[in-house]
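Let's walk through how two parts of one chain sit against each other. Have the viewer open as you read.

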Amino acid sequence: MTACLTTRAPEVDIADLVQDDKVHSSLYSDPAIFEAELDKVFNNTWVWVGHTSEVPESGSYKTAFIGRQPVIVSRDRKGDIHVMLNRCRHRAATVCEGKRGKVKSFVCPYHGWGYALDGELRAIPKPEEYQGVLDKKDFPLVRLRHETYQGMIFATFNPDIQPLEEHLGGAKKWIDLFMKQSGGYPLKVLGDHRFRFPGNWKIQLENTTDAYHFPVVHKSFVSSLDDQTSKIFDFLDGPGFVEDLGNGHSVMVMIPELVDLDANLDAPIPERFKDFAAELECEGYDDAQVRRLVRAVGGSGFNLNLFPNVACSMAFFRVLRPVAVDETEIHHVAIGGDGAPAAFNQLRMRLHEHFQGPMGFGTPDDAEAWERVQKGSRAGDREWILVNRSLGRLVTSPDGNTAGSVCSETGMRAAYRKYKQMMTA
Amino acid sequence: MSTLRAEVAAFIDLEADMLDFNQYREWLDLWEPDGVYVVPIDRETEDFANTLNFAYDKAEMRSLRVARLLSGDAISTQTTYKTVRSVSRLRILAEDGDTVKARCSQFIAENRHGNLKTYPADVTFTLRRSGDGFRMVEKVVRLLNADHHLSSIGYIL
Ligand code: FES
Ligand SMILES: [Fe+2]
């Protein structure tokens with residue numbers, strides 16, 4: 001593995017700015033803190049870069065970012081996955097553009113250096129000029145350490161970091177549950193919605209475990225649902241909970257009945273999925289298959305926040321990318337079943353379009369609220385962001401973790417504790 | 001200018017005007033019941049049903065979208081209640097019986113929080129003759145930046 005040098009940000013003393021019950025507004029707007037975050041958080045931990053289904057065969061690639069650094073996820077001839085810096089070893093041009101695709105090799109557009117799918121430098125125009133100057137084997141694309149769990153690919157700049165599974169720890173149980181929503185087929189990425197909002201990345205990070213905003217911000221989404229479904233989304237006074245899973249990860253269970261999608265398979269088919277069930281029956285699926293697909297199609301009843309950049313959010317992956325201190329890009333990655341009935345994947349995409357993305361019935365309102373947070377956080381010079389809700393009513397979960405009610409700010413506190421630890425290390 | 005082109009241009013201008021002036025209920029009446037409104041992510045695809053889109057609205061979703069925009073409950077619609085769009089470069093692609101397919105360019109400007117932003121797009125209409133006018137069978141808005149990130153869009157493109 002080639003060592004990677006990254007610019008060191010100026011030291012910022014973050015200890016006073018992140019407290020157990022509040023965080024300072026400058027965390028949203030101080031450029032020096034942002035630089036330190038890239039260095040100490042994003043360049044120093046496991047960062048989600050993709051799902052294995054996005055690079056299904058030899059020659060498949062996708063592009064991604066770790067913090068501000070562009071990377072390529074590729075699958076080589078032997079079927080092995082690589083995560084590499086998207087940067088030519090000659091004079092730095094990106095060697096690959098576009099979201100996803102298929103190639104035989106990566107050829108730099110500037111002077112034509114050619115790299116194999118595993119990053120090895122294979123071809124240099126006019127090689128005689130490099131005789132005695134450079135040996136190709138010393139200049140592969142810079143490869144990063146990467147590991148996968150349940151198809152989720154994470155990469156890191158930190159060669160000494162603990163194994164991915166240890167890092168995920170208590171979150172693994174919830175990832176396993178989340179993966180049940182592909183209805184018995186291998187989980188597959190179906191596409192993604194991409195949008196940006198003019199605000200800090202942590203505003204989105206917090207939002208993934210913020211049930212409190214749902215009935216306010218998403219009133220117009222709830223109004224667009226049938227009665228039965230809108231009752232399901234009325235979870236604020238329900239038995240849901242937020243649990244601190246350690247390492248900055250947390251889970252917010254909104255709809256406890258939809259935690260385990262393999263359970264309750266004989267429950268009545270919800271009104272809104274009756275047409276879908278009938279369509280599957282017509283296509284010859286037996287009762288057990290129909291029930292399993294119906295149960296899975298709407299996704300899980302929880303949001304799992306994985307610090308720092310990805311969430312398994314009810315029915316999709318939510319990926320965040322810090323662009324600048326006050327600019328964040330979000331991808332809402334739709335998922336379905338590889339080889340599942342067309343009707344299943346179609347319905348999953350239609351449900352995704354209903355809420356998610358820049359034209360969904362939910363996301364634009366979230367983005368508007370976040371933009372207002374960024375704007376308002378500039379007011380005052382001693383003001384704090386409160387994350388203290390339910391601090392007086394915490395319990396210990398059956399798994400031994402700190403937990404609060406579904407609308408508690410337990411998940412935000414979990415993320416900020418890890419954040420503080422990394423930023424002050 | 002041929003009569004057909006003039007007729008189609010008049011219809012497309014009317015549709016654009018309705019959307020710019022939030023006459024969403026009247027806009028719903030411009031549709032055939034089986035019509036589909038699509039804003040694809042993949043500019044190349046024609047198989048919209050089997051692809052993830054920004055919007056893929058059949059009649060029910062169209063009326064839900066309109067209800068949401070008119071409800072006043074969605075905060076994103078409050079900051080972009082007004083758009084200005086211009087449609088031009090109209091070309092008739094095909095005419096088959098009572099169905100016409102046409103393509104034009106569309107520039108939409110929005111003003112959110114004082115930031116002026118534009119969304120250029122190619123728009124394809126499939127229109128069916130109905131009485132003395134047309135009804136939409138399909139409207140596909142292929143944004144120039146569909147493959148990249150957008151910002152939130154609290155109106156109809
Ligand atoms: S920068 Fe890539 S070949 Fe020169
Ligand atoms: Fe939300």
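Predicted model: local features only at pLDDT ≥ 70, side-chain atom pairs only at ≥ 80, totals over all residues.

Residues are numbered from 1 along each chain as its sequence is written, chains are lettered from A and ligands numbered from 1 in the order in which they are written, and side-chain values use heavy atoms, with hydrogens and water left out.

Now for the interface. On the domain 1 side, 13 residues are in contact with 18 residues of domain 2, contact being heavy atoms within 4.5 Å. Together the two domains bury about 1,400 Å², 61% of it on carbon and sulfur atoms; that is the accessible area (1.4 Å probe) that two parts lose on being put together, summed over both. In domain 1, Trp48(A), Tyr149(A) and Gln150(A) lose the most area to domain 2, together 40% of what that side buries.

How many salt bridges cross over? The rule (a side-chain nitrogen of Lys or Arg within 4 Å of a carboxyl oxygen of Asp or Glu) finds 2 across this interface. By class, the side of domain 1 that touches domain 2 has 5 nonpolar, 4 polar and 4 charged residues, with Ala, Val, Leu, Ile, Met, Phe, Trp, Tyr, Cys and Pro counted as nonpolar, Asp, Glu, Lys and Arg as charged, and the others, Gly among them, as polar.
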